[in-house]
Amino acid sequence: MPRKTEQQLESWTGQASDAEQQRYEWTKDQIKQALTGGRFDSESFLVYPKGSYPNHTNVVRDSDVDVAVELTSIEQHEFIHSAKGLTITDFGLTRYTGDYSVPKFKDDVEAALRRQFGSAAVERGNKAIHVKESRMGIKADVVVCQTLKSHSSRYADARTGILIEPDHGQDIHNFPKHHLDEGVAKNTATSRRYKRLVRIVKRLENEMVAAGVVAEVPSFLMESMVWNVPNPTFTDNSTWTLRLRAALGHIYHADRSEWLEANKIKFLFHPSQGWTETSAMTFIEKAWNYMEFE
């Protein structure tokens, strides 16, 4: 018998509580409020959540929100070759002629967040500015970035994303809009079971981490692995126990060489990623054993 009953897995499919949602909304609104007036009125930028919260795949232990602050007055263009080598060539194109830069914008955003939340509640990280959890709000990672236009011979139109310039290290290219769109499409195609199964996997990982069975696994990695599971796995199996078992089995035994992130753009297992295929499969194997599947 599996370690978890069907009723327990069913309970894991739900979204975070209303109280958690209210704390998320408060945090998001406070960040937006911080970035008004002064220098910010003269710049063109967007402020929006990205990641598990807008995609409705968040669970309580992972209850920090990623908020993108995208400087839209500067565009970066790239060309991605079709080969898995993922060679990126900077076109050097921009429509911006001013002297403002993303690092300067990050400095200004940091200063504004310190004024809004208090200096002790804000910490500048390499990739994001971290706002600590409070009684009213949840922890937030504020990602300062610029608009990215990604061109490829595989697509007629450029895909729009964001380019993050860490204080140190290589630039990071993300595609939050495509992540959102692909999540909605997958959820629709699986009778709204895709996001529920993602939440089951994340809560299973939470329990395994608490028990000392595994180290923490990146939330987006878990979501992307489930996104690559074929749709019939969600629709042809009649229980969450069977769906979870089939999904873990498929992930472990599949040819993953061409798997993409849940945005359908970047390769999921590539040397540029912050995780490895080996570590991901170690988690999947331990999850299978933890569930006591045969």
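User: How many cavities of 30 Å³ or more does the structure hold?

Analyst: On a 1 Å grid over the protein atoms alone, a cavity is a set of points where a 1.4 Å probe fits but cannot get out, and lining residues have an atom within 4 Å of a point. Grid points are joined across faces, edges and corners, and a volume is the space filled by probe spheres set on the points. The structure holds 2 cavities of 30 Å³ or more. This is a predicted model, in which local features need pLDDT of at least 70 and side-chain atom pairs count only at pLDDT 80 or more, while totals for chains, interfaces and linings use all residues. Residues are numbered from 1 along each chain as its sequence is written, and side-chain values use heavy atoms, with hydrogens and water left out.

User: Which residues line the second largest cavity?

Analyst: That cavity, with a volume of about 30 Å³, is lined by W26, T27, F117, V131, K132, S134, G137 and I138.

User: How are the rings of W26 and F117 arranged?

Analyst: Rings of Phe, Tyr and Trp (its six-membered ring) pair if their centres lie within 6.5 Å; planes under 30 degrees apart count as stacked, over 60 as edge-to-face and the rest as tilted. By this rule there are 7 aromatic pairs. The rings of W26 and F117 have centres 6.4 Å apart and planes at 75°, so this pair is edge-to-face. Ring pairs also link F40, F45 and F105 into a cluster.

How values were computed:
1 Å grid on protein atoms, 1.4 Å probe; cavity = no way out; pocket = protein on both sides within 12 Å on 5 of 7 lines; lining within 4 Å.
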